[in-house]
Amino acid sequence: MTLAHPRPYRQPRDTHPPLDYTGYKSTGLRAPTQRPILVPQRLTEVTGPLLVGAIGPNDHDLTRQHEGEPIGQRITVSGRVLDSDGRPVPDTLVEVWQANAAGRYAHKRDNWPAPLDPNFSGGGRVVTNSLGEYSFTTIKPGAYPWGNHHNAWRPAHIHFSLFGRAFTQRLVTQMYFPEDPLFAFDPIYRSAPEGARERMVSTFDMDTTRPEWALSYRWDIVLRGREQTPFEETHE
Amino acid sequence: MSEQLPLTPSQTVGPYLRLGLDWPKGADVVPPGTPGEIVISGTVYDGAGVPITDGLVETWQADPDGRFAHPDDPRGAVEPSVPGFLGFGRSCTDETGRWSIRTVLPGALPALDDDAEEAPHLDVSVFARGLLDRVVTRIYFAGQPGNDTDPLLAAVPAERRATLVAEKVGEAEYRFDIHLQGDRETVFLQV
Ligand SMILES: [Fe+2]
């Protein structure tokens, strides 16, 4: 039996930051110096873990993981996971982590002088529905300082991790909030090509804001889609 | 070509990735006590040879029969022959830069078209503070006869191939260090 090469996922273009982006100092000793070797996508690359995994009852609501409620502006963050053909990615795990409202992470290595919140751990996980939709409730994270350069501050962000349906679709990124004045100064945000950066910025949405409860931010995430088949190409 | 939606850019996991990505049993690709289980472990190093203590290594592999429980396996998705086999492993690097997974040796993969059969391997993603995107590599296993004819290894310059091959260091233990830079820089792949 001869097996055909699987239909590959498209190579990203003008999207991802260069690994050796010098504005972000930690790249200096960590970005590989040799170019990656381009290899065909074979079976291991076009398959991937289809995890639903164990999702706890409060994994989607970061404001309900402790006895009391965390301090901060309650928000919902929701949107769709799509591939670049516009197809929804259903049943895929979305993992998030973030700082508390004061900009401090509940992590032993984060010890800048901002308060911890005993009611906030900052980790969550949800699975997209059949339409590729996800939604979670949290509090708006604060900005925080870091040692990259003098007076360096990260704009408020939520870290996102996505699997898609194939090893090639794996993505870890950060979601930002609209019109953050720190965008102009943040090398991590600016490491993405101009024109691609704003794809990481959520939008405030009045329609899905819940009265007397939570502001709503919407953010769609787009993963690599597949190359078209030769048959389809002849018809374009 | 049809209209494409623009992709979401990658960003670094940052130093606090454990808050979102640490799974209590993430390193168990197979449950403890699985017949034929092996441990693959190693250290992730930066360009100064310093262990990276805020990194994450993820692995993805076929089962011992060389099959994937996935609809895009052209032979059809099948339940893995090893009970509890997940195919996927995840290990945050510890205070000494070490990562480790418990798994079973994957099978060889069939030849595609005019390609050659693929020797047993794992696909690997490495994430860390300072990496603005994941880097991808593969783990092969020392002593596997198929390594000599594997089509991916053949595409790697001979003098760098050894960076993709885990060394057997015990009865059921393999070691695979990852060097992000330096004389022994691991071969990374663009897939
Ligand atoms: Fe962060």
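**Notebook: salt bridges, interface, iron site**

I began with charged pairs, and the count over all chains came to 24 salt bridges. I note here that the model is predicted.

**Entry 1: a pair across two chains**

I looked up Glu45(A) and found its side chain in a salt bridge with Arg138(B), at 2.8 Å from N to O. Glu45(A) sits in helix H1 (residues 43-46) of chain A, and Arg138(B) sits in strand S6 (residues 135-141) of chain B, so this pair joins two chains.

**Entry 2: a pair inside chain A**

Next I took Arg64(A). Its salt-bridge partner is Asp61(A), with the closest N and O atoms 3.5 Å apart. Asp61(A) has 9% relative accessibility and counts as buried, because the cut-off for buried is under 20%.

**Entry 3: a network**

I then turned to Arg90(B) and Glu95(A). Their side chains meet in a salt bridge of 2.9 Å, N to O. Arg90(B) belongs to strand S3 (residues 88-92) of chain B and Glu95(A) to strand S3 (residues 93-98) of chain A, so here too a pair joins two chains. Arg90(B) is buried, with a relative accessible area of 3%. Glu95(A) is at 0% relative accessibility and counts as buried. I followed the shared partners from there. Salt bridges link Asp59(A), Glu95(A), Arg125(A), Arg170(A), Glu58(B) and Arg90(B) into one network.

**Entry 4: chain A against chain B**

I wanted the whole interface next. On it, 87 residues of chain A are in contact with 76 residues of chain B. The area buried between chain A and chain B is about 7,300 Å², and carbon and sulfur atoms give 58% of it. How many salt bridges are there between chain A and chain B? I found 8. One salt bridge I looked up pairs Asp115(B) with Arg42(A), whose closest N and O atoms are 2.7 Å apart. I also looked at polar contacts, and 46 residue pairs across the interface of chain A and chain B make them. Strand S9 (residues 171-176) of chain A gives the largest share of the side of chain A that touches chain B, with 5 residues.

**Entry 5: the iron ion**

Which atoms hold the iron ion? I listed Tyr105(A) (OH), Tyr144(A) (OH), His157(A) (NE2) and His159(A) (NE2), at 1.9 to 2.2 Å. Along the chain, these donors follow the spacing Y-x38-Y-x12-H-x1-H. Tyr144(A) lies in strand S6 of chain A and His157(A) in strand S8 (residues 157-162) of chain A, so the pair ties together parts 13 residues apart in sequence. Tyr144(A) and His157(A) are both buried. I checked the geometry last. The angles among the 4 donor atoms run from 92 to 159 degrees, and the site is irregular.

I finished with phi angles. Most residues other than glycine have a negative phi. Asn151(A) is not a glycine, yet its phi is positive, about 55 degrees. I placed Asn151(A) in the loop between strand S6 (144-146) and strand S7 (152-154) of chain A. Asn151(A) is exposed, at 56% relative accessibility. Glu212(A), also not a glycine, has a positive phi of about 60 degrees. Glu212(A) is in the loop between strand S10 (203-204) and strand S11 (215-218) of chain A. At 82% relative accessibility, Glu212(A) is exposed.

Terms used. Residues numbered from 1 in each chain as written. Chains lettered and ligands numbered in written order. Predicted model: local features only at pLDDT ≥ 70, side-chain atom pairs only at ≥ 80, totals over all residues. Heavy atoms only, no water. Helix = DSSP H or I, 4+ residues; strand = E, 2+ residues; numbered from the N terminus. Buried < 20%, exposed > 50% of the residue type's maximum accessible area, 1.4 Å probe, protein only. Donors = N, O, S within 2.8 Å, 3.2 Å for Na, K, Ca; no water. Tetrahedral: all angles 85-135°; square planar, octahedral: opposite > 155°, others 65-115°. Contact = heavy atoms within 4.5 Å. Buried area = accessible area lost by both parts, 1.4 Å probe. Salt bridge = Lys/Arg side-chain N within 4 Å of Asp/Glu carboxyl O. Polar contact = N/O pair within 3.5 Å; in protein donor to acceptor, adjacent residues only side chain to side chain.
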